[in-house]
Amino acid sequence: MRVFLRQWQVAYRLLPQGSIFSDLKTPFTAIPNSLRYTAADPFLYKYNEKTYLFAEIYDKKDGLGKIGYSVFDGKKFSPWKIIISEKYHLSYPNIFKYSRILSLFGFITLLGIFLLYHFISATKLDNATFS
């Protein structure tokens with residue numbers, strides 16, 4: 001008997017040859033999920049010469065979405081790191097900079113509202129904290 005598990009997964013590809021709509025040659029590479037977490041709703045952001053991929057990280061254990069990121073090293077993306085975890089499901093992360101303040105929207109699915117988080121320390125996003 002075969003068991004099929006349906007889950008979300010995020011994939012990327014390097015800059016395509018020509019248009020992103022007509023390029024059929026440049027392959028996509030999936031970022032592996034773990035046994036506990038799956039990723040969805042990706043959002044790319046370049047900061048201090050590094051490329052970050054933010055996403056909803058769904059925790060199968062508690063049934064909630066969290067916000068996490070992965071860093072591109074020039075060849076592949078790192079494992080996911082969770083940076084925002086709440087008592088409710090978060091999704092659709094959107095990061096932006098306004099008036100020199102780096103911020104991130106997270107969507108509360110159940111309530112249909114967005115929360116705004118501000119990076120407290122953002123010299124390196126790898127060690128950022130939020131308010």
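**Reasoning about strands, charges and a pocket**

Modeller: Phe105 lies in strand β8, which covers residues 101-108, and please keep in mind that this is a predicted model.

Colleague: Let us turn to the charged side chains. What makes the contact between Arg36 and Asp59 a salt bridge?

Modeller: In general, side chains of opposite charge can pair when their charged atoms come close. For Arg36 and Asp59, the N to O distance is 2.8 Å, and the cut-off is 4 Å, so this pair counts as a salt bridge.

Colleague: Where in the chain do the two partners, Arg36 and Asp59, sit?

Modeller: Arg36 belongs to the loop between β2 (29-30) and β3, whereas Asp59 belongs to strand β4, and the pair, 23 residues apart, links distant parts of the chain.

Colleague: How do you know whether Asp59 is buried or exposed?

Modeller: Asp59 has a relative accessible area of 0%, and buried means under 20%, so Asp59 is called buried.

Colleague: What other residue forms a salt bridge with Asp59?

Modeller: Asp59 also pairs with Lys66, where the closest N and O atoms are 3.9 Å apart, which is within the limit of 4 Å and therefore still counts. Lys66 has a relative accessible area of 5%, and both Asp59 and Lys66 are buried.

Colleague: Why do Arg36, Asp59, Asp62 and Lys66 belong to one network?

Modeller: Asp62 forms a salt bridge with Lys66 as well, with the closest N and O atoms 2.9 Å apart, and Asp62 itself is partly exposed at 37%. Salt bridges that share partners join Arg36, Asp59, Asp62 and Lys66 into one network, and the total count of salt bridges comes to four.

Colleague: What is the volume of the largest pocket, and which residues are closest to its centre?

Modeller: The volume of the largest pocket is about 330 Å³. Thirteen residues line this pocket, and the closest to its centre are Tyr12, Arg13, Leu14, Leu44 and Phe77. Elements that give two or more residues to the lining are β1 (11-12), β3 (37-47) and β4 (50-59), and by class the lining has 11 nonpolar, one polar and one charged residues.

Colleague: Why is Lys76 called partly exposed?

Modeller: Lys76, in the loop between β5 (64-72) and β6 (81-84), has a relative accessible area of 49%, and exposed means over 50%, so Lys76 stays in the partly exposed class. Lys76 and Ala30 are 46 residues apart in sequence, and their C-alpha atoms are 9.8 Å apart in space.

Colleague: How many helices and strands does the protein chain have?

Modeller: The protein chain has zero helices and 10 strands, and 37% of its 131 residues count as buried.

Conventions:
Residues are numbered from 1 along each chain as its sequence is written. This is a predicted model: local features need pLDDT of at least 70, side-chain atom pairs count only at pLDDT 80 or more; totals for chains, interfaces and linings use all residues. Side-chain values use heavy atoms; hydrogens and water are left out. On a 1 Å grid over the protein atoms alone, a cavity is a set of points where a 1.4 Å probe fits but cannot get out, and a pocket is an open set with protein on both sides within 12 Å along at least five of seven lines; lining residues have an atom within 4 Å of a point. Grid points are joined across faces, edges and corners, and a volume is the space filled by probe spheres set on the points. Helices (H or I, at least four residues) and strands (E, at least two) are DSSP runs, numbered from the N terminus. Ala, Val, Leu, Ile, Met, Phe, Trp, Tyr, Cys and Pro count as nonpolar, Asp, Glu, Lys and Arg as charged, and the others, Gly among them, as polar. Buried means under 20% relative accessible area, exposed over 50%, partly exposed in between (1.4 Å probe, protein chains only).
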